[in-house]
Amino acid sequence: MTDYFINRSFCIKLGDFISSKYELRRGTPQGSVLSPILFALYYNDVLSVLTEVKFVLFADDLVFYTGGSNTSEIIQKLEVKLFDLNNWFKVRKLTINAEKTKFMLFHKTSERNLNLNLSSSVQFENTTIERVNKFKYLGIWLDCSLAFDEHWEHAIEFALPSVV
């Protein structure tokens, strides 16, 4: 197993350009059969940090969520969990990509004005996490009222042949 990691190098290809070789100091070779298994073993312990929230984990794609009727409490739970996750990541020399991180407040359309401050924001490491009203996750478009209108529109657009 040691031989698999020692003396590895990589290069970057962009169009016809190929860079010189760089030493691979961490991680596993991209495209290797062993890489997903080794990553899963390395990353699987992330579940220990996800207490008090529900989550969906698909490879390295993690979604966690919580519920409640008070937006401030929900935001506070999310920020605490992001802090905990960030500490877990730092120990393992991983990083959370704040630019790819989004948050959404799900609500019933009729409850827009009941205890929900829809202008709330989540803070993470001096960054405001972008709030979205729709998000594509594993091929399914989710909208904040779970009406699936966005997903339906994309499905119809994909299914129907374009008219010229």
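In this predicted model, Phe89 has a relative accessibility of 9% and counts as buried.

**Aromatic pairs**

- A search of the whole structure gives 5 aromatic pairs.
- A pair of aromatic rings is described by two quantities, the distance of the centres and the angle of the planes.
- For Phe39 and Tyr43 the ring centres are 4.9 Å apart and the planes stand at 20°; the pair is therefore stacked, since planes under 30 degrees apart count as such.
- Phe39 and Tyr43 both belong to helix α2 (residues 34-43), and because they are 4 residues apart there, about one helical turn separates them.
- Phe39 is partly exposed, with 29% relative accessible area, whereas Tyr43 counts as buried at 5% relative accessibility.
- Trp88 and Phe89 form an edge-to-face pair, with 5.5 Å from centre to centre and 65° between the planes.
- Phe39, Tyr43, Trp88 and Phe89 are linked by ring pairs into a cluster.

- Strands of a sheet pair through backbone hydrogen bonds, in either a parallel or an antiparallel sense.
- An open sheet is formed here by 3 strands in the order β7-β9-β8, and its pairing is mixed.
- The edge strands are β7 (102-103) and β8 (122-124), each of which pairs on one side only.
- Helix α3 (residues 71-91) packs on this sheet and touches β7, β8 and β9.
- The direction of α3 makes about 20° with that of β8.
- Between β7 and strand β9 (residues 127-131) there are 2 bridges, and the two strands pair in the parallel sense.
- Lys102 has Glu130 in β9 as its bridge partner.

- Strand β10 (residues 134-137) is joined to β11 by 4 bridges, and the two run antiparallel.
- Opposite Phe135 stands Leu142 in β11, while Lys136 has Trp141 in β11 as its bridge partner.
- The hairpin has 2 residues between the strands, and Leu138 takes a positive phi near 50° in it.

**Positive phi in loops**

- Asn7 is not a glycine, yet its phi is positive, at about 60°.
- The position of Asn7 is in the loop between α1 (2-5) and β1 (9-10).
- Asn7 counts as exposed, with 78% relative accessibility.
- Glu52, another residue other than glycine, has a positive phi near 70°.
- Glu52 lies in the loop between α2 and β5 (54-58).
- With a relative accessibility of 74%, Glu52 counts as exposed because exposed means over 50%.

**Whole chain**

- Taken along the principal axes, the C-alpha atoms fill a box of roughly 60 × 50 × 25 Å.
- The chain exposes about 12600 Å², and carbon and sulfur atoms supply 56% of that area.
- Among contacts in the chain with a separation of 6 or more, 48% come from residues 24 or more positions apart.

Key: Residues numbered from 1 in each chain as written. Predicted model: local features only at pLDDT ≥ 70, side-chain atom pairs only at ≥ 80, totals over all residues. Heavy atoms only, no water. Pairing = 2+ DSSP bridges. Contact = heavy atoms within 4.5 Å. Axes fitted to C-alpha atoms, helices over the stretch in contact; angles between N-to-C directions. Areas by Shrake-Rupley, 256 points an atom, 1.4 Å probe, with all protein chains shown as cover. Phe/Tyr/Trp six-rings, centres within 6.5 Å; stacked < 30°, edge-to-face > 60°. Buried < 20%, exposed > 50% of the residue type's maximum accessible area, 1.4 Å probe, protein only.
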